[in-house]
Amino acid sequence: MTIDKEATIKCYDALAPFYTFFRAKTLRSDREIMPFVLKALMPADGERVLDAGTGPGVYAIKIAGQARNADIHAVDLSPAFLKIARANARKAGCGHIRFDQGDIENLPFEADRFDKLVCAGALEAVPNREKAAREFHRVLKPGGTAVIIEPDQGRNIRDRAFLFLLYGIGLIRPKMRGFGVTDIKRYYLNKHDFRALFAGSGFSRVELYDRRGSICAVCVK
Ligand SMILES: C[S@@+](CC[C@H](N)C(=O)[O-])C[C@H]1O[C@@H](n2cnc3c(N)ncnc32)[C@H](O)[C@@H]1O
C-alpha cells in the first residue's frame, strides 16, 4: 500500500504555521545541534549545499547567513512551508537561498551536484527511508558530507507529543506502516537503524553522535 503524496502535502501545509510557531519556541535544542551542523557542513566559497525537508528554513538560513558565497538550495514537499521559509530567508537577509518544491524520495537534482547536505526531522515521516537515504547519496559529490538529524527513539517528551499530533491530523497512519500508535520506538529511528540505513545506501563513512535527544549522523560519500 502506498501513501498518497497529495494527502501528505495537504497535511504538511496545514501543519506549517503551527510547526513554525513551536519551532521558534524550541530553538533551545538548536544551541547544541546548530554548532554541530555548522562545524560538519560549513561550506567553502562556491560550494553547493542542500537543506532537504527545510520546513521553515532554519538550517538553510543559518548556513547561508554564515557562508555568504556558498550556493544554498532548499527543498520541501509543502508549498506552505516553502512560502514561510522564503519569507524567513528574506527577513534574515538571505534572499540568495533557492527554495523549490521537491520530494526527498525523488530529489529533483542530477547526481553528484552538492558538496554538503542537511536533513533534519524530515526522514521520520518519509514512507521509504531507504529510498531517501539513497537519494542523499546520489545527489552528493564523491567526498561530500551529509548530516541527518532525527529524534532518538522518541525518548524526548516533545518528540512524543509531535508524533501524536502527526497521528491526530492523519499524517501518520500507523497501521499502514505496520505498527501501533503507541509503539513509539518502532516509529522513530534508533542508532542501529541509522547506521544500517546510511551504510547500506553506499556512504563510505557513517559516524553517529547524540545531541539533546537527537541522533546526528555524519555521512561521507
Ligand atoms: C519536522 S519538519 C522539519 C523541518 C526542518 N528541517 C526543521 O529542522 O525545522 C519536517 C519537514 O519535512 C517536510 N517533508 C516531509 N516529507 C517530505 C518529503 N517526502 N520530501 C520533502 N520534504 C518532506 C515537511 O513538509 C516538513 O517541512
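## Overview

The protein's secondary structure comes to nine helices and seven strands. Helices (H or I, at least four residues) and strands (E, at least two) are DSSP runs, numbered from the N terminus. This is a predicted model, in which local features need pLDDT of at least 70, side-chain atom pairs count only at pLDDT 80 or more, and totals for chains, interfaces and linings use all residues. Residues are numbered from 1 along each chain as its sequence is written.

Of the 221 residues in the protein, 40% are buried. A residue is buried if 20 or more other C-beta atoms lie within 10 Å of its own, exposed if 12 or fewer, and partly exposed in between, with C-beta atoms placed from the backbone. Among contacts with a separation of 6 or more, residues 24 or more positions apart account for 70%. Two residues are in contact if their C-beta atoms, placed from the backbone, lie within 7 Å.

Seven strands form an open sheet with mixed pairing, in the order 3-2-1-4-5-7-6. Its edge strands are strand 3 (98-101) and strand 6 (205-211), each of which pairs on one side only. From one strand to the next, the twist averages 15°. Two strands pair if DSSP finds at least two bridges between them. Strands of a sheet pair through backbone hydrogen bonds, either parallel or antiparallel.

Which sense does each pairing take? Strand 1 (residues 48-52) pairs with strand 4 in the parallel sense, over three bridges. Strand 4 and strand 5 (residues 140-151) also run parallel, joined by six bridges. Strand 5 and strand 7 (residues 214-220) run antiparallel, and seven bridges join them. In that pairing, Ile149 stands opposite Cys216 of strand 7.

Strand 4 covers residues 114-120, and seven of its seven residues are buried, so it is largely enclosed by the rest of the structure. Leu117 of strand 4 stands opposite Leu50. In strand 5, the bridge partner of Leu117 is Ala146.

Leu117 also belongs to the largest nonpolar core, which has 62 residues. A nonpolar core is a set of buried Ala, Val, Leu, Ile, Met, Phe, Trp, Tyr and Cys residues joined through C-beta atoms within 7 Å. Leu117, Cys119, Phe136 and Val147 touch the most other members. Helix 3 (residues 58-66) gives the largest share of this core, six residues. In soluble globular proteins, nonpolar side chains tend to be buried together.

## Helices against the sheet

Helix 5 spans residues 129-139, and its buried residues are Ala132, Ala133, Glu135, Phe136, His137 and Val139. These buried residues pack against strand 1, strand 4, strand 5 and helix 9 (191-199). Leaving aside neighbours within four places in sequence, Phe136 is in contact with Ala52, Leu117, Cys119 and Ala146.

Helix 9 lies across strand 6 and strand 7, and runs at about 155° to strand 6. For such angles, axes are lines fitted to C-alpha atoms, for helices over the stretch in contact, and angles run from 0 to 180 degrees between N-to-C directions.

## Helix 1 meets helix 4

The axes of helix 1 (residues 5-25) and helix 4 (residues 79-91) come within 7 Å and cross at roughly 35°. Helix 1 makes the contact with Tyr12, Asp13, Ala16 and Thr20, and helix 4 with Pro79, Ala80, Phe81 and Ile84. The residues of this contact divide into six nonpolar, one polar and one charged. Here Ala, Val, Leu, Ile, Met, Phe, Trp, Tyr, Cys and Pro count as nonpolar, Asp, Glu, Lys and Arg as charged, and the others, Gly among them, as polar.

## Around the ligand

There are 20 residues around the ligand, of which Tyr12, Gly53, Gly55, Gly121 and Ala122 come nearest. A residue counts as near if its C-beta atom, placed from the backbone, lies within 6 Å of the molecule. The elements giving two or more residues to this shell are helix 1 and strand 2 (71-76). The shell divides into eleven nonpolar, five polar and four charged residues.

## Two residues in detail

Is Ala89 buried or exposed? Ala89 lies in helix 4. Ala89 is buried, with 24 other C-beta atoms within 10 Å. Not counting residues up to four places away in sequence, Ala89 touches Gly57, Ile61, Cys94, Gly95 and Ile97.

Gln66 has its place in helix 3. Gln66 is exposed, with 11 other C-beta atoms within 10 Å. Not counting residues up to four places away in sequence, Gln66 touches Leu38 and Met42. The C-alpha atoms of Gln66 and Pro43 are separated by 9.1 Å, while the two residues are 23 residues apart along the chain.
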